[in-house]
Amino acid sequence: MTSALPSSVPDTQLGLSSSEIQILRQHQQIALQNQSYPHSSATRGRGHARASASTSRAASAASSGNGRLVLDPGSLAVLGQHFERLMAAIQNRVEQLTAQTQISTISQSSRAGAAMAAADAEIARFHAIIRQIDELETEFDKVRHIRDIVKGFRARVEGLERKMDSRGARR
């Protein structure tokens, strides 16, 4: 007595987590639904009757909700092709997002570089202003010193004038 290969296995015995089982079930349904379209790659090169019969069996087994992975070679090929397309689409999306991230990073880097250059320019301007203030304070100190000397001379001259006026008034 030869034992026939089972036509399906419970998807819970595949060593998958519950979320992975949900993904498998969902994509098995999608793959089998896509297989039933006449333009799908699964029907190319074969007679429609054979593909249609295989699809019907696999679709009914998958849609029965009994949580089994159909072991029909055609169904497994369709499921494998579906996952290949899905992985390619995911990889493509990852590459798109990576490119967008690189563009964003370069843009942010450029803006940061521009902001740093602007900050450096403002710091240089600030230093120039401080230098000018220091120069003005030095000039102010010089002028104040000269003013104090002039005040001193003026006070002496006024004092001498008063002395001369008081001597001239006495004579």
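Predicted model: local features only at pLDDT ≥ 70, side-chain atom pairs only at ≥ 80, totals over all residues.

Visitor: What is the order of the elements from the N terminus on?
Guide: The order in the protein chain is β-α-α-β-α, with three helices and two strands. Helices (H or I, at least four residues) and strands (E, at least two) are DSSP runs, numbered from the N terminus.

Visitor: And how many of the residues are buried, as a percentage?
Guide: Of the 171 residues in the protein chain, 15% are buried. Buried means under 20% relative accessible area, with a 1.4 Å probe and protein chains only.

Visitor: Which residues make up the largest nonpolar core?
Guide: That core has five residues: Leu 24, Ala 31, Leu 69, Val 78 and Leu 79. Helix H1 (18–35) and helix H3 (73–170) each supply at least two residues of this core. A nonpolar core is a set of buried Ala, Val, Leu, Ile, Met, Phe, Trp, Tyr and Cys residues joined through side-chain atoms within 4.5 Å.

Visitor: What does Leu 79 touch?
Guide: Leaving out residues up to four places away in sequence, Leu 79 touches Leu 24, His 27, Gln 28, Ala 31 and Leu 69. Contact here means heavy atoms within 4.5 Å.

Visitor: Next, His 82: buried or exposed?
Guide: His 82, in helix H3, is buried because its relative accessible area is 7%. With residues up to four places away in sequence not counted, His 82 touches His 27, Ile 30, Ala 31 and Asn 34.

Visitor: Where is Ser 8?
Guide: Ser 8 lies in strand S1 (residues 8–10), and Ser 8 is buried at a relative accessible area of 13%. The side chains of Ser 8 and Arg 68 are joined by a polar contact of 2.6 Å; such a contact is a pair of N or O atoms within 3.5 Å, where within protein one must be able to donate a hydrogen and the other to accept it, and residues adjacent in sequence count only if both atoms are side-chain atoms.

Technical notes
Residues numbered from 1 in each chain as written. Heavy atoms only, no water. Buried < 20%, exposed > 50% of the residue type's maximum accessible area, 1.4 Å probe, protein only.
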